[in-house]
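Open the model in a viewer and keep the selection tool at hand. The tour goes to a cavity, then to a sheet and the helices on it.

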Amino acid sequence: MGQLCWLPLLAPLLLLRPPGVQSAGPIRAFVVPHSHMDVGWVYTVQESMRAYAANVYTSVVEELARGQQRRFIAVEQEFFRLWWDGVASDQQKYQVRQLLEEGRLEFVIGGQVMHDEAVTHLDDQILQLTEGHGFLYETFGIRPQFSWHVDPFGASATTPTLFALAGFNAHLGSRIDYDLKAAMQEARGLQFVWRGSPSLSERQEIFTHIMDQYSYCTPSHIPFSNRSGFYWNGVAVFPKPPQDGVYPNMSEPVTPANINLYAEALVANVKQRAAWFRTPHVLWPWGCDKQFFNASVQFANMDPLLDHINSHAAELGVSVQYATLGDYFRALHALNVTWRVRDHHDFLPYSTEPFQAWTGFYTSRSSLKGLARRASALLYAGESMFTRYLWPAPRGHLDPTWALQQLQQLRWAVSEVQHHDAITGTESPKVRDMYATHLASGMLGMRKLMASIVLDELQPQAPMAASSDAGPAGHFASVYNPLAWTVTTIVTLTVGFPGVRVTDEAGHPVPSQIQNSTETPSAYDLLILTTIPGLSYRHYNIRPTAGAQEGTQEPAATVASTLQFGRRLRRRTSHAGRYLVPVANDCYIVLLDQDTNLMHSIWERQSNRTVRVTQEFLEYHVNGDVKQGPISDNYLFTPGKAAVPAWEAVEMEIVAGQLVTEIRQYFYSFRAVVDTWSDEEMNCSGVCMLAAFACAVSRWLGAKFRAGRETHRPWGPQSTCSSMIRADVRNMTAQNYTYAIRSRLTHVPQGHDGELLCHRIEQEYQAGPLELNREAVLRTSTNLNSQQVIYSDNNGYQMQRRPYVSYVNNSIARNYYPMVQSAFMEDGKSRLVLLSERAHGISSQGNGQVEVMLHRRLWNNFDWDLGYNLTLNDTSVVHPVLWLLLGSWSLTTALRQRSALALQHRPVVLFGDLAGTAPKLPGPQQQEAVTLPPNLHLQILSIPGWRYSSNHTEHSQNLRKGHRGEAQADLRRVLLRLYHLYEVGEDPVLSQPVTVNLEAVLQALGSVVAVEERSLTGTWDLSMLHRWSWRTGPGRHRGDTTSPSRPPGGPIITVHPKEIRTFFIHFQQQ
């Protein structure tokens, strides 16, 4: 539809458009000097520090000290902290403190990085903000109050809530869809009050400024010169600065001969921008990527230019001044204008032109996306594990300083990879390797910390195996549940023996299953059913059984049996659906079509409804030659036409066990090697193959299956075949498959609360290596009447409705959206939920369809991509995981959030070898559990180790006295953050406010003596935080606070829907 599609959104903008206010006086331009410093992207952090980043801070600090009128804003903390710790002199550090105190240097955002908004998880956004804010507050006593989110590729509706909770007074963004930005410029609607959460609404709103079409860079074109304008220091040079100080593309210096021309160019641009905003105050960003590495030449040229404009302000109609972002927003706030309100809708997806939809990065570098989330989950578990180790009293000899170093290393790595050119997959290969190395190193340190904690608890009861040619006598596994609920789940280990006995802390046998490993042919997968209370451990002994003698009384893991099905061709027309293979647990029956080896349908017990569900892999074939048309790259997804099937045949096997049944489907992309059975052979041979399997489940199915089977029989016509199982292996070869699905249903034994475990179909996929210029998707097609509407999440926090929109051009790509943690589609009866452990692109290209992009491999000849090595020639094989939930709205609403967290934060398993004697493991209740209500999530339980006082006055006095870096890490202060999972009205019970007594919840850690409520990142005492209010109507006036009123601090708190509340907890010393 082009711009027509935005007309419904423009109506309120046009109605609110005021008469031109610029006539009230001269335009006031706020020139904001800045440097956009990507933490990665094309060059590694160390390469950037050497080439330009260190020089930015060195030269800016020097130049600000030389001119009282000069200003500068600093954004990402990673570069600044490296400069502060490794480059800055004592004199420079003193100057920084002075500049901050005078307000001439300002930190905006203040996080470690400028995080992406589309594919990052809320938990990781909070982490990277907390990392940066903690450093700034500890070092300078300052707390950022404004955001500068100028480069993320689209804007999430989680962002206004996040920044409001962090204490920001205003938010600035830039990249939104070109159509919408043009329309908002025309309507002067680029500034508004954004209420990102429908449940929190005005309680956590924030004033938002969207940059105009020039974005965060100074306009480079000046009519009187063939050089770019206002970039007097030129362009940064890698790998190190030029010795002669001459950089490429340095702007023409300001001289008496050209100062009028420069002034005319700047004033003309200011006036153009003023026409797009409602007030005479214009934000004029001065800078761009990698700028101000020579601040001397920058200010030496801009100083006289601004002086010249101000001396002619009356005739030019414009006055100019250096400003921080805070200077601009304070002036804007003082005008007391009434602003329109934007609701909870996001600005995704993002396009810059009709054929430039930035939706490819939702999936780019899937392996890095998965690694980043696994690292985040490991950090989450390690934080609470260490906190539980120290409180109520340390139980071993672990050095807390070393432990904090391991935590800090992984906090830094996880924060770093949230950068908008990191987890997005839009970086060069060497930068990807840098991120991966930092994550892997941090994860190794965290594993060492976890192992030390567990060994402190187990020693000397569980001796490690001595070196021996005979190998270990067995294994022990310590399993830690990082969630604050009791979790029943399956943990999978790899062992080297086919007969296994698993016992718990009391020596009792544990339900378990052994089967051939899918990863290592010579090994076995051991599946153990475990139930673990919140923030607690279970410990298991795993030993080979004495033998497989008949009649042995030794309890052992049950052995799964494998049924193989011959390869089936993809048929354009077939007799699909004649022979259905059922795989069932207490919640679902998955019916598999023996004619195709594909999923056919799913029967859901509670609703007694069968939904047609089929899954297949398809590929978008994309162009790589810019001469032939639009291309796909790291950022862009530009399919020329619809996706096509990426397979020609499917092979299937069912691994059936008492505890778990797995369905393994292998998709082959060639025709030569396929099963050649005729239809006549299928009628008999298929039934023969199924006979024994059918007998094994038929008694359980009975009426349950018949009640939900609609018109399909569970298997084919009656046959005289006996219960023999035979797998036809004719024409099978060792050819590799490109795609695979491994689906798992768990049979939860009686006596175990397996509601979440039963109500999910766990799927792991394999995709790759792909052919060049292919984008691989998993398409799930159903008979749900979804009206081609899907819902996907913003950062794991809230859901967005995504109706299909028909555009004039590029409709496929522009209807892709990010799925960070969950998505679903529904009709009036049922909902199909997808839960993910990493970010993906997701779309509905047809009614009842949802497709998830799993992998991309691209190359193109666009000079810019080639020059920066951004062609995404990703030859990896990826293994993403999705969990499927099917059921009524009420059932899936109740289970979706907790199931998503169960996927994200699966129990951590620490696996070791045993010596010959059986150890005496600690009892299962040795540590008291930490348990929250089902609608409340423990977002973090951590010992940050900050060295500052919680009392702001005391901390400020300590800084003024020079008491910096002397204090020890505070191990007594525990950071607690709680998050209500539900929206208002989403569930009749779970959406209610929940009241908890923190003393009771945390009694396992000791006696709570003080509870301090803090801002999101911990730097504000919430009772002292008074954010600006922006007028949105007659009832709201400037000066009103938007911070919710709270009763005096105490252990009993009430958390309302979608609230995130942060506390410092102090325990009584033992």
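The model is a predicted one.

Start with α5, residues 122-140. With six residues, α5 gives the most to the lining of the largest cavity. That cavity holds about 300 Å³ of space, and the count of cavities of 30 Å³ or more comes to 15.

Next select Asp 123, Leu 127, Leu 379, Glu 383 and Ile 940, which are the closest to the centre of the largest cavity among its 22 lining residues. Colour the lining by residue type, and it divides into eight nonpolar, seven polar and seven charged residues.

Now move to the sheet. Select β14, β17, β12 and β38; in that order these four strands form an open sheet with antiparallel pairing. At the edges are β14 (500-503) and β38 (908-914), each pairing on one side only. From one strand to the next, the twist averages 20°.

Zoom in on β12 (474-481) and β17 (536-544), an antiparallel pair joined over seven bridges. Here Ser 478 stands opposite His 539 of β17.

Bring α12 back into view. This helix packs on the sheet, touches β12, β17 and β38, and runs at about 90° to the direction of β12. Finish with α14 (429-458), which also packs on the sheet and touches β12, β17 and β38. The direction of α14 makes about 60° with that of β38.

Conventions
Residues are numbered from 1 along each chain as its sequence is written. This is a predicted model: local features need pLDDT of at least 70, side-chain atom pairs count only at pLDDT 80 or more; totals for chains, interfaces and linings use all residues. Side-chain values use heavy atoms; hydrogens and water are left out. On a 1 Å grid over the protein atoms alone, a cavity is a set of points where a 1.4 Å probe fits but cannot get out, and a pocket is an open set with protein on both sides within 12 Å along at least five of seven lines; lining residues have an atom within 4 Å of a point. Grid points are joined across faces, edges and corners, and a volume is the space filled by probe spheres set on the points. Helices (H or I, at least four residues) and strands (E, at least two) are DSSP runs, numbered from the N terminus. Ala, Val, Leu, Ile, Met, Phe, Trp, Tyr, Cys and Pro count as nonpolar, Asp, Glu, Lys and Arg as charged, and the others, Gly among them, as polar. Two strands pair if DSSP finds at least two bridges between them. Axes are lines fitted to C-alpha atoms, for helices over the stretch in contact, and angles run from 0 to 180 degrees between N-to-C directions. Contact means heavy atoms within 4.5 Å.
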